[in-house]
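The sequence and the structure are shown first.

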Amino acid sequence: MARILDGKVINQQILDELKPRIAHLTSARRAPGLVVILVGNDPASEIYVRNKVKTCLELGVHSEEIRLPDTTTTAELLAHIETLNQRPAIDGILVQMPLPKQVDSRAVLLAIRPDKDVDGFHPFNVGQLVANAPAPRSCTPAGVMEILRRSGIDPAGSDAVVVGRSDIVGKPMAMLLLHAHATVTICHSKTQNLPEVCKRAQILVAAIGRPAMLTAEYIRPGAVVIDVGMNRVSSRPEAERITRGDAEKLARFEKRGSLLVGDVHPLDMAELSEAYTPVPGGVGLLTIAMLMSNTVQSAEHRLK
């Protein structure tokens, strides 16, 4: 039977390890400081921001929330970022994506001081990642590495396949696995014979944003499957495909009006893998934990 890599347990371990470090900083100098900027009112972004602020409160991290209207211009947002860059009590600046279409996302990304870029997206920090030098790491891929490490799964010498090449997950994920001495293949929309490539993977990481796309034909028996996807399905036929007609699961779908599923088919993943991350309850929980870790590290570096 496949082992479930429980994100809840690992998330709590990381937060518990951060608490004494935060307490030491607070008693010696000040609490770590994080500011989250939300432009507009995207419902998913609202939830993410609320969860980040809640976690800060639980840990004793000083947090501030800046909410701006969806008519905000690039120049207005850059002015807020520059103010935060200059504030010594702020260790981390996070601009919640996506931004309204009139805002230049790249200019915003470049405006955040690299040492306050707790998302790990600034080109300087990406370069540090490539060089395997100290810098904030992209939170979701860093969370995946924590899941592997704390679950006793060593990527060294393994064939790893990352499905998805986004700047936020796919590319940094591949680089972190490479630094852990895995042999890494990155797949994307132009990859030929995708099922065949995926089936070679001893560690399969799915980050494509397509609900339950990777089915049995993509999964090597005995593989470790890391499902980064988080997709809400509201179509009845799609729910039937994913649940394979399970009456109890379909009843829950009807009651809630939707189904939360990753990029890997949950039934095939559970049947074929040696270990896997569930959705929900897997990788998603680690993203905020790693954001907190990056913020604490930034404060420690600034206050040493």
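Is helix 6 mostly covered or mostly exposed? Helix 6 is mostly covered, with ten of its twelve residues buried (buried means under 20% relative accessible area and exposed over 50%, with a 1.4 Å probe and protein chains only).

## Basis of the model

The model is predicted: local features need pLDDT of at least 70, side-chain atom pairs count only at pLDDT 80 or more, and totals for chains, interfaces and linings use all residues. Residues are numbered from 1 along each chain as its sequence is written, and side-chain values use heavy atoms, with hydrogens and water left out.

Helices (H or I, at least four residues) and strands (E, at least two) are DSSP runs numbered from the N terminus.

## Helix 6

Residues 139-150 form helix 6, which reaches 16 Å from its first C-alpha to its last, close to the 16 Å expected at 1.5 Å a residue (1.5 Å times one less than the number of residues). Among its buried residues are Cys139, Pro141, Met145 and Leu148. The elements that cover them include helix 1, helix 7, strand 8 and helix 12. After helix 6 comes Gly152, with a positive phi near 75°.

## Helix 3

In helix 3 (residues 74-86), Thr74, Leu77, Ile81, Leu84 and Asn85 are buried. Seen down the helix axis, these residues fall within an arc of 105°, so they line one face of helix 3 (the arc is that of the directions from the axis to the C-beta atoms). The face turned away from the buried side carries the exposed residues Ala75 and Gln86.

## Annotated span

An unreviewed UniProt entry annotates residues 138-301 as "domain: Tetrahydrofolate dehydrogenase/cyclohydrolase NAD(P)-binding"; such annotations may be inferred rather than shown by experiment. The span is 43% helix and 16% strand, and its end C-alpha atoms lie 18 Å apart.

Key. Contact means heavy atoms within 4.5 Å.
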